[in-house]
Amino acid sequence: MSALTQSTPGAAQSEAAPEKELRPPSYWPFVVPALVVVIAIIIFPWVFTIWMSLNEWKVGSSTTFVGLSNYLRLTSDPRFIEAVGHTLVYTILSVLLPLVLGTFAAVVFHQKFPGRGFLRGVFIMPMMATPVAIALVWTMMFHPQLGVLNYLLSLVGIPAQLWVFHPATVIPSLVLVETWQWTPLVMLIVLGGLAAIPTEPYESAQIDGASIWQVFRFITLPLIMPFLFIAGMIRMIDAVKSFDIIFAITQGGPGSASETINIYLYSVAFSYYDLGYGSAIAVVFFLLIVLLAAVMLYARQRMLWTEIASGT
């Protein structure tokens, strides 16, 4: 009787096992809506863009399959090559300046002084404004005759500048706007890193008589480096695809002096209505963003292994 009692649960489990295996997955009702959204919003547009890039397609005419001709055309397009150079210069400056100024601001606002909370709130206000509103305000400030920037320069004896109205100064002027808007973001990220640093290393450095620069160079900077990397990655992706500020202030001018890949893509697709060639530019532009992100991730990985090796 006991043997029969012991064998009954095993037999019941063996009979229930096939039924459990044949039961359909219960998570599919939750996965299918998300899968449909991903296919409709991400996968299909990119597949369609790649298909368009392999065709010659202008608005109002039929499509003609041309293979890789649109991509080969990019290599001999001087305007596209110039746009790539403008994009790289604009991206590098728009990443480095906010990183440096944002780190400095974070170190300052990490100290305790009266009115620190209020000044923090004022400092992050540019980040809350819309890009078009920022562009309109800075366009008036950049005006050679009526702008406030040239008036401020005249107070210290510096001659008036043409700012965004001269090819040599247009990109630095646009970087100035980008830096003013996004330095607060870097400041907030670095402030989070500073708040996570323990006080013991600073107390030891103070006992050893380290200077302010030595404390920052050998304690603060290495400990906030992961946060700087995150801020740099965010700024790089945002700056390389910047469109609204540039388009609202200069529309790629004067001439093509501030024409980045995004601006040139817009011109080709929506001014010249060459959708096939514009799609090829979009695909190459996406690959460029992926390449820059991969380089930064590789640099971070090398930095991590170097820190581990030095620690051991």
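At 7% relative accessibility, Asp-274 counts as buried, where buried means under 20% relative accessible area, exposed over 50%, and partly exposed in between (1.4 Å probe, protein chains only). This is a predicted model, in which local features need pLDDT of at least 70 and side-chain atom pairs count only at pLDDT 80 or more, while totals for chains, interfaces and linings use all residues. Residues are numbered from 1 along each chain as its sequence is written, and side-chain values use heavy atoms, with hydrogens and water left out.

Asp-274 forms a salt bridge with Arg-73, the closest N and O atoms being 3.3 Å apart; the term stands for a side-chain nitrogen of Lys or Arg within 4 Å of a carboxyl oxygen of Asp or Glu. The pair links distant parts of the chain, 201 residues apart, with Arg-73 in helix α3 (residues 69-75) and Asp-274 in the loop between α13 (261-270) and α14. Helices here are DSSP runs (H or I, at least four residues), numbered from the N terminus. Arg-73 counts as partly exposed, because its relative accessibility is 38%.

## Further salt bridges

By this rule the count comes to four salt bridges. In one of them the side chains of Glu-259 and Arg-79 meet at 2.6 Å, N to O, and this pair too links distant parts of the chain, with Glu-259 in the loop between α12 (244-249) and α13 and Arg-79 in helix α4, 180 residues apart. Glu-259 counts as buried at 3% relative accessibility, whereas Arg-79, at 28%, counts as partly exposed.

Arg-235 and Asp-238 meet in a salt bridge of 2.9 Å, N to O, and they are separated by about one helical turn because they lie three residues apart in helix α11. Arg-235 counts as buried at 1% relative accessibility, while Asp-238 is partly exposed, with a relative accessible area of 24%. Salt bridges that share partners join Glu-178, Arg-235 and Asp-238 into one network.

## Nonpolar cores

The largest nonpolar core has 20 residues, and those with the most contacts inside it are Leu-99, Ala-106, Met-187, Val-190, Leu-194 and Ile-224; such a core is a set of buried Ala, Val, Leu, Ile, Met, Phe, Trp, Tyr and Cys residues joined through side-chain atoms within 4.5 Å. The elements that give two or more residues to this core are α4, α9 (170-196) and α11. Apart from it lies another core, of 19 residues, among them Ile-134, Phe-142, Leu-149 and Ile-171.

## Pockets

The largest pocket has a volume of about 460 Å³. On a 1 Å grid over the protein atoms alone, where a 1.4 Å probe is used, a pocket is an open set of points with protein on both sides within 12 Å along at least five of seven lines, and lining residues have an atom within 4 Å of a point. Its lining comprises 17 residues, of which Val-107, Gln-111, Tyr-202, Val-215 and Thr-220 lie nearest the centre of the pocket. Helix α4 (78-110) and helix α11 (212-240) each supply at least two lining residues, and α4 gives the most, with six.

The second largest pocket has a volume of about 290 Å³ and is lined by 17 residues, of which Val-95, Leu-96, Gly-232, Met-236 and Met-296 lie nearest its centre. To this lining α4, α11 and α14 (275-311) each supply at least two residues.

Terms used
Grid points are joined across faces, edges and corners, and a volume is the space filled by probe spheres set on the points.
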